[in-house]
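Q: Can we walk through this one piece by piece? I'd like to start with the RNA side and then go on to the sheets and helices.

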Amino acid sequence: MNYNQLADLLFPDITGNPLEYEEIYQQRKLPAGAKVTRLGPSPTGFIHLGNLYGAFVDERLAHQSGGVFYLRIEDTDEKRQVEGAVETIISSLEFFGVTFDEGAALNGDKGDYGPYYQSRRAEIYQTFVKQMVSLGQAYPCFCTEEELNEIRAAQENLKENPGYYGKWAKHRDLSLEEIQSRIRSGQSFVVRLRSQGTHDCKDEDIKMISVEDGIRGTLTIPENDQDVVLLKANGIPTYHFAHVVDDHLMRTTHVVRGAEWLPSLPIHVELFHTLGWPLPIYCHTAQLMKMEDGNKRKLSKRKDPELSLDYYRSEGYHPKAVREYLLTILNSNYEEWRMENPDAPLESFEFTVEKMSNSGTLFDLDKLNDISKDVLVKLPATELCQFMIDWAKAYKPDLVGCFEGREDYLTKILDLGRSGDKPRKDFIFARQIFEFISYFYDNYFKAEDPYPENVSSSDVKNILSSYLKSYDHEDDQSQWFEKIRNIASDNGYAAKPKDYKKNPELYKGHVGDVSTVIRIALMGRAMSPDIWEIQQILGEEKTIERIKKVL
RNA sequence: GACCCGUUGGUCAAGUGGUCAAGACGUCGCCCUCUCACGGCGGAGUCAGGGGUUCGACUCCCCUACGGGUUACCA
């Protein structure tokens, strides 16, 4: 067999020399230890927390080492393309603080290692495939889907491993003449790797290979023996081939990807070996899991819309909170570090792959919420105010009118009770925050809670009218509360809860009930931050107006 | 089915032969307190099972169980 002839027959239009690409895509000039990572999403238009989780690893590794993080769009599966997906990916990741130095971008590709869309790299892949064919490392396969199905069925019958390999690889040794005639008759073909792996042997004779995984340590896995498809019939490569060619030419040093790729690692190792290229360092991350019917399950695009990044964005989770949460589950020593360095920027934490867990992590909303509270309490109120406005513009336009032009008001509301040694931690995400403060806005103010059962409706009136009578907006907090105590005792309620606890039979209730009545009149709810402070923000006019309305 | 990865409380986890097995979230109780938060204190709760190796195993080896993943001209 003359392989050069075969190569020209299969790729008459490809005239380039693979070595030229080595020239074009030079080794990167980076400081020692700098890592080059990449995110390679397929543009299916959906990106979830799990993707962010992985992207964050890439981003940290590259940026904390002075390296490069780039975006490569893996659009080799034309069936799954979705319009606008790339924009969604870029903007969602950017929102959550993951930014690229290079690669696909909203205003065109950026960088010297492109193109960064795999669909635009067909000629590159074909050049390398042609070389492999000319060296006898790859060959055309004309099998139809039916033939492939037959092979599989036969393998199942014989209980042999499924796949295209060894004696099952029907077209592995087709003659040049046969190939010529098939091509002449217009048959389409794929190009397969001629695997050098051993097969048709006893289990104990299977060769094992060792790969150092950044996260998992030494992996010992059986070598590949599958004649995998390199180039599909449409001339576009499979993931396997595109990954190897791209990550080599783009000079990726660390391939971070989910553990679902572990089983195909032997394929990639053989390809790198066949092409004579050094292996990047693989980092197979554990996946984010979800609990379903009592079992853990990998996050799925289809099944878990509530885990899409857009969901968190629309709920109004602050990007810092999400990043903080992801880092705590990504690196086991992060939480400890954070406790020691409460105010340090997250970037100053030294992220390491060694500290990554390698078993699947369950997404924990409680934990996210808790972290979010701590993150938001540290955010200056003006910043939080702007965040609320931005969120409203995107997801709750009817609120924009309440917020914009009244930033001072909103800022005061958001800052309520947040100063001092023990600041309140009421805020989790924008939607919840607004719910929490909605009574400050007349349009959203409503009576939600009933008055306490131990307070009669005539007492409610009495309490509120004495409150109104004694009300002085200039009172300071203690003067104000002194009056509440007086109203309590005047109406038969204990001025101090302890008195009531000692002799409950002497009173109808205690001062807490009185303030609850006022709280409900003013806020519509039995639970809220400090009444006096709220009144100061609300203003004298509105305070009096709301009390009057109830009377 | 085969192959691969994994298994410490409800969740995230520290731990690399000798610990009363950290810590965080959640949960429960108490304290603080005009409600709610915040904060403080305390409780319950874990090494999947079985064999080895060892003076001694959460830690090392083997088996089993369970969970996850892969098995495409998807990525």
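RNA surface

Q: Which residues come nearest to RNA strand B?
A: This is a predicted model. Around RNA strand B there are 58 residues, and of these Asp77, Ser357, Ser359, Gly512 and Ser515 come nearest.

Q: How does the surface near RNA strand B split by class?
A: It has 21 nonpolar, 18 polar and 19 charged residues.

Q: Which residue of β7 is the bridge partner of Ile209?
A: Ile221 is the bridge partner of Ile209.

Q: How many residues of β6 are buried?
A: The number is zero out of six, so β6 lies largely in the open.

Q: Changing topic, sheets. In what order do the strands of the parallel one come?
A: The order is β1-β2-β3, in an open sheet of three strands with parallel pairing. At the edges are β1 (36-39) and β3 (102-103), each of which pairs on one side only.

Q: Which helix packs on that sheet?
A: Helix α3 (residues 49-63) does, touching β1 and β2. The direction of α3 makes about 155° with that of β1.

Q: How many bridges are there between β1 and β2?
A: Four, in the parallel sense, with β2 covering residues 68-71. Val36 has Val68 in β2 as its bridge partner.

Q: Back to α3. Is Phe56 buried or exposed?
A: Phe56 lies in helix α3. It has 22 C-beta neighbours inside 10 Å and the cut-off for buried is 20 or more, so Phe56 counts as buried.

Q: What is Phe56 in contact with, leaving aside its neighbours within four places in sequence?
A: Val98, Leu326 and Leu330. As for Leu93, its C-alpha atom is separated from that of Phe56 by 9.2 Å, with the two residues 37 apart along the chain.

Q: OK, next sheet. What is the pairing in β4-β5-β8, parallel or antiparallel?
A: Antiparallel, and the three strands form an open sheet in that order. β4 (138-141) and β8 (229-231) are at the edges with a single partner strand each, so one side of each has no neighbour in the sheet. From one strand to the next the twist averages 45°.

Q: How many bridges join β4 to β5?
A: Four join β4 to β5 (residues 190-193), and these strands run antiparallel. Within that pairing Pro140 stands opposite Val191, and Cys141 has Val190 as its bridge partner.

Q: And between β5 and β8, how many bridges?
A: Two, in the antiparallel sense. There, Val191 stands opposite Leu231.

Q: Which residues of β5 are buried on each side?
A: Val190 and Arg192 are buried on one side, and Val191 and Leu193 on the other. Both faces of β5 are covered.

Q: Last one. Where does Tyr471 lie?
A: In the loop between α18 (457-470) and α19 (477-490). Tyr471 counts as partly exposed, because it has 16 C-beta neighbours inside 10 Å.

Q: And how far apart in space are Tyr471 and Ile544?
A: They are 8.5 Å apart, C-alpha to C-alpha, and 73 residues apart in sequence.

How values were computed: Residues are numbered from 1 along each chain as its sequence is written. Chains are lettered from A and ligands numbered from 1 in the order in which they are written. This is a predicted model: local features need pLDDT of at least 70, side-chain atom pairs count only at pLDDT 80 or more; totals for chains, interfaces and linings use all residues. Two strands pair if DSSP finds at least two bridges between them. Two residues are in contact if their C-beta atoms, placed from the backbone, lie within 7 Å. Axes are lines fitted to C-alpha atoms, for helices over the stretch in contact, and angles run from 0 to 180 degrees between N-to-C directions. A residue is buried if 20 or more other C-beta atoms lie within 10 Å of its own, exposed if 12 or fewer, and partly exposed in between; C-beta atoms are placed from the backbone. A residue is near a molecule or strand if its C-beta atom, placed from the backbone, lies within 6 Å of it. Ala, Val, Leu, Ile, Met, Phe, Trp, Tyr, Cys and Pro count as nonpolar, Asp, Glu, Lys and Arg as charged, and the others, Gly among them, as polar.
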